[in-house]
Amino acid sequence: MANFLAQFQTIKNTSDRLVISVEDVSDVWPTVKPAFEARLPFKRATLNNKTRNPVLVEALPAEFILTTDARLRSRFPHEQFLFWFREPYATIVLVTCEDLDEFKTILKPRLKLIVQNDEREWFVVFVSKAHPANDQASKMAKKVYAKLEVEFNTKKRERCCKYDMHFPEANFWEDLESKVMECIRNTLDRRVQFYEDEIRKLSEQRLMPVWNFCNFFILKESLAFMFEMAHLHEDALREYDELELCYLETVNVTGKQRDFGGADHGDDQAALVNPGNKALTQIVQEDSFREFEFRQYLFACQSKLLFKLNRPIEAASRGYSFIISFSKSLALHERILPFCMREVWVTTACLALIEATTSNYKDGLVAPDMEKEFFRLLGDLYSLARVKFMRLAYLIGYGADIERSPVNSASLSLLPWPKPAVWPTVPADASTEVLEKEKLILQTTSRTKSFGIQRKPLPLEPTVLLREANRRRASLSAGNMSEMFDSRQGPMEGSGFDTPTRMSPPPKALASSSISRTNSSPGNFEGSIDRPMRLAEIFIAAEHALKKTISNPELWKSLSSSEEFEQKYLDLTRGAADNYHRSWWKRHGVVLDGEIAAVDFKHGHFDQAAKSYEKVCALYAGEGWQDLLAEVLPNLAECQKILNDQAGYLLSCVRLLSLDEGLFLTKERQAFQSEVVRLAHSEMKDPVPLDVSSLITFSGNPGPPLALCDKDPGILSVTVWSGFPDDITLDSISLTLNATYNTDEGVKALKSSTAIVLHPGRNTITLDLPPQKPGSYVLGVLTGQIGQLRFRSHSFSKVGPADSDDFMSYEKPAKPILKVFKPRALVDLDAAVSSALLINEDQWVGILVRPVNYSLKAAVLHIDTGPGLEIKESHVIEMESSAGVSENDGDQVQNDGAEIRTLNSDKNFERLILRDGKIEFPNWASDIPSILWVLVHAISDTLSRGSSSATTRRESIVDGMRTIALKLEFGAFHNQIFERTLAVHFTYPFYVRTRVTDKCNDGTLLLQVILHSEVKATLTIYDAWLDLQDGFVHTGQTEGRPNSSFFPLIISPSSKAGILFSICLDKANVEETREKPESILNIKYGISGERTIGAHPPVMNRSTGVDGARQELIFRSAITLQRPVLDPCLAVGFLPLPSDCLRVGQLIKMQWRVERLKDLDEAGVSKQNDEVLYEVKANSGNWMIAGRKRGYASLSPQQGARIIISVLCMPLVAGYVRPPLLGLPDVDEANISCKPAGPHLVCVLPPPLSSSFCIPVNP
Amino acid sequence: MIVCVAVVGHQNNPLYIQSFTEADDALKLHHIVHCSLDVVDERVNNPKKSGPMLNETFLGLLYPIENYKVYGYLTNTKVKFILVTTDLDVKDADVRNFFRRFHAAYVDAVSNPFHVPGKKITSRTFAERVSTIVKSFGFSSAG
């Protein structure tokens, strides 16, 4: 069957549509043909696919062929089955007849004969020639057609339709098409069934030795082709996919060594979109096909169908995988293929596929992500072609034109060298070319990078080409020089990371020249047949070999010169970059842009180069790929330098400096810096702003933020990290502080106008800080100037080591650097004494100065006394540390506890002089609490007044109050002011109360003088006497002094003492004018007290030496004595009422006793008064009085005489009522004593119930 | 042979990148890892395409490149692990296993209280552990 292959091929080529045969019985075809053919291709055909599911086919092409046609007649019957797909799918029997007899006799038998063949699908078209005007004819035609229908229609199927030549019926064509479709569908189904059966049969025999792939292929492809003709592309594609699978199995499974193919001229050009590239008969081999051609053929068929199905994306996707897998197959057969066949094939395959897919791709018809996928595939294809093309170019010596960038290195150095069986040798006549090449190699110098950056270039070659080529070449003869040369090569050859690269891949040009020189040194290998080739020779040999391999003149042209190479290289790179960009693979795209930029740069298109490089740099910088950035950034800087883009160039230099230190040598970094400084100081005319956030970073000092009190200026210390490799001088610097939680506050800048030299690494700079508003501040922006360069840095928090990566440092929360506290008490001034001081004496008043976490260094205190108080200016002011009150905060104890302890143990003491009302604090007092002792004298003109024990004390504390106004200026700049007015209480030592304790019968009064101690000090009374006022005299001979043995009398603080004086009324001179209205109590006393507590011994004028001497002070107090007021003569007593209660309406007797207390004689009252007038007063509503309310009762004038007055009363109302009172109208009330006093109220019960009607019932 | 492993942070910044080649050409591996982020991005941003592996950390083969393979792995915190190998027939299970161990090592390294999240991993222990894992990967695939 394999010999049918050629025939099959030709048949396939000639027939491309379904055939419908026309049996022209009545010779009417020529007349109807135009109308019939106008219906082609059939619109909206419905066919069954392989799984018998209806598929709608738009525009099914077909062809009407007469059965008498040579194409149908000349076929041999045995071919029919094999190539059944080309046989007619339907047969139209075309008849016309105008006579019933003729139909019956001639036509009918003929038709029966035609349609008896079951194999064919047929139907009859009756053509009516009758003109509609001709009634007779049309009637006849109808009759004949009716007869025809009777004859040929069956119940199941109508096989007749009538075509009116002049006026075709409206539905005729529909009818015709549906009939044609029915026929085609049936035929197709039957044939698919047939092919499937055949294929199944063949498949079952697959493992038998007689099995022949070609036969299988013909059947399978026939089926596929039939589907394709029927426009069932989906099914056709599936057949081809199955065919491919089957083929790959046969290729891989069978152990037979087959010819791979690909050795023909032109095979290097991929034919993967061109199924007709080679005739199948050319590639047939025994029972199968050559892999090289056949796989491409299959892919070409598949891609053709995919394009027909409008699926270019799938074609590209399948194509890419196909190229990759096919490239692997090529690698396996590389030894038998021409030199670099694989690379050339891949390049051409990629380009062909790109062209085919893009020309079949229509924009905007697919979903966006599918579109992205498509562009990504195109990018991949371009990029693959680019890599292979670069490899070819490298082999013929254009390596120097290829940028040694990471992307090129990644793709080339991981790609093994071609492995031909024998490396090509130099043709005999190529010595001049070799010489030229050698010259070229020597001329090319690797491009020096800007800033003198010295980098080992990245490798473009997996291993050193020289060695690889010589080894391949010499592998036939073992043991020669190049084998030895190569003896260290590891087993992992070609992986790109083995020993040779480790050994020495110095810059390519260097290596090549040096090695080639040693190799060509005379005498060593000259004359030896297997002399190792020099690099130039390798290039020339490769060039010649490639010339043989490459059949495509265009590709060869691209490799013919370095300019052509570059053009093609640019095309491929641009294609890849553009497509990657469209597929949103920005990294791939941008990196390739960088490659284009390198070429632009080489040609002096610095503008474009800079633009592309900027994109690349932004890509790398944005994601922190510093290593890669370090590779590109110098190029950008160089472009900007050439373009005189000073700002850009400066920025690039700064970015270079701010990269990780390890990425550049110190020397290189210094070069960057010197560029920056040079530009800043010399070249620029206008100031250039620049962000150096990555280079100069700053932070507050570690530890707690600087804490300042409100209104305090300060000095802010900031750590600045300089990323410059050398010292750099900043002309000025300023730093802003941002208030946290207070955005409306304007940003304040701290400035330092002096030049600051930053050393590499950590620097500490200090800035003056004016008073700030309360709040917490973080560092804002650091700005400064270097020459004409205005830099600003936003970054901070780089507290860690300088080499740490500061990428994303902005995420750190900003640490407050300055805290300005809300206004608070920084110092406290208070009186050091808690209790009163002595008035009218020189007393120390203590002022407690207590700094509250704040230094009082060089503080100045203004002292101003209020009225009634004066400072003894003659005296010094004493200041001492207050040990007991060490309230200064805990951290100070922690910080310098030792110091505090010494301060406390050695009590500081100093005398200060008050000048102009102010004193300055000594240094020791700046941090610790201290007491300032000021000698004051409170003046009071009034005399202390005693009071009677009966009356309350009138004197208020306010009388002894004096004020001292204090104003403390402190802080570093005396900016803080604290004002306070202290109240100090002054008092006399005693408060005196008097009381007459007893009144003796002889008229002697015992006057008790109670001395309340008013001070918190022990008072000692040495003597006391009383100067009595007029009207009183001392009794006895003591002249008012108590017995001296009482003294000294010691009175503890806040206690009382009493002294009794016995006095009596001076009856002699009662009526005399009062000279001394008050008595004066004189007390001579001493005081012993602490000034820290309160009253203390007054400071003696210039008597510093006699501290211990007894100090006697005099206290005088005025006491007013009054003659007694009351002089009772009569006592009226209320006698108790009877015990049972009072009731309304019940008479009771009220009794009063009147007693004479003293003789009336003495008082000089008239003798008549042996009777007393009495009167009973009662509320007449409450009481009814029986008897006399008013009358005289006789009472003896003798002392002690008494009478009882009784009155009968009757209460009228119940309740508590006021009882009647007895008054004595004649006697002055002052002379009546109510003793015992009567009750205020008496209880009166309601009257008892009447018992008249409540007779007790006796049993 | 594994030529390079890398840890890439959630902002696509390199956190750790170590090449295991002996030549001084780490930069090209940087490039490979960097470019592979395009694929990772695409997979992460198109969950539709990678529907079944929504909860899968292992991203599988990122690139059908001819001469080397790039595998990816994505942690829940969007940290990516990239593996570049020149072995052309690698079993997925091996790679999965490798990534699992690598992930464990990474977790240990970033759990160090002195490690600043988002910064490069400088731990020497981590580097040693990674190289051990890489070496054992070579063995298991060879054996």
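Predicted model: local features only at pLDDT ≥ 70, side-chain atom pairs only at ≥ 80, totals over all residues.

Which element of chain A has the lowest mean pLDDT, and which the highest?

Guide: Helix 19 (residues 499-503) of chain A has the lowest mean pLDDT among the elements of that chain, at 36, whereas helix 23 (residues 562-582) of chain A has the highest, at 92. Around the former, the pLDDT is below 50 over residues 476-528 of chain A, yet this stretch has 80 contacts in the model beyond near neighbours in sequence. Residues 1162-1167 of chain A also stay under 50, and for them the model has two contacts beyond four places in sequence. As for the chain overall, chain A averages a pLDDT of 78, with 84% of its residues scoring at least 70.

The interior of the model may be considered next. In soluble globular proteins, nonpolar side chains tend to be buried together. The largest nonpolar core here has 172 residues, and those with the most contacts inside it are Ile323(A), Trp345(A), Leu465(A), Leu546(A), Tyr620(A), Val718(A) and Leu737(A). Helix 14 (residues 368-395) of chain A contributes the largest share of this core, 15 residues. A second, separate core has 94 residues, including Val93(A), Leu107(A), Cys160(A) and Trp211(A).

There remains the contact between the chains. It takes 47 residues from chain A and 38 residues from chain B. Between them the two chains bury about 3,900 Å², 59% of it on carbon and sulfur atoms. In chain B, the residues that lose the most area to chain A are Leu27(B), His34(B) and Glu66(B), which together make up 18% of what that side buries.

Nine residue pairs are in polar contact between chain B and chain A, with both residues at pLDDT 80 or more, and three salt bridges are counted between the two chains. In a salt bridge, the side chains of Lys120(B) and Asp660(A) meet at 3.8 Å, N to O. On the side of chain B that touches chain A, strand 1 (2-8), strand 2 (14-19) and helix 1 (26-45) of chain B each supply at least two residues. Helix 1 of chain B provides the largest share of that side, 13 residues.

Technical notes:
Residues numbered from 1 in each chain as written. Chains lettered and ligands numbered in written order. Heavy atoms only, no water. pLDDT = per-residue confidence, 0-100. Helix = DSSP H or I, 4+ residues; strand = E, 2+ residues; numbered from the N terminus. Contact = heavy atoms within 4.5 Å. Core = buried A, V, L, I, M, F, W, Y, C linked by side-chain atoms within 4.5 Å. Buried < 20%, exposed > 50% of the residue type's maximum accessible area, 1.4 Å probe, protein only. Buried area = accessible area lost by both parts, 1.4 Å probe. Salt bridge = Lys/Arg side-chain N within 4 Å of Asp/Glu carboxyl O. Polar contact = N/O pair within 3.5 Å; in protein donor to acceptor, adjacent residues only side chain to side chain.
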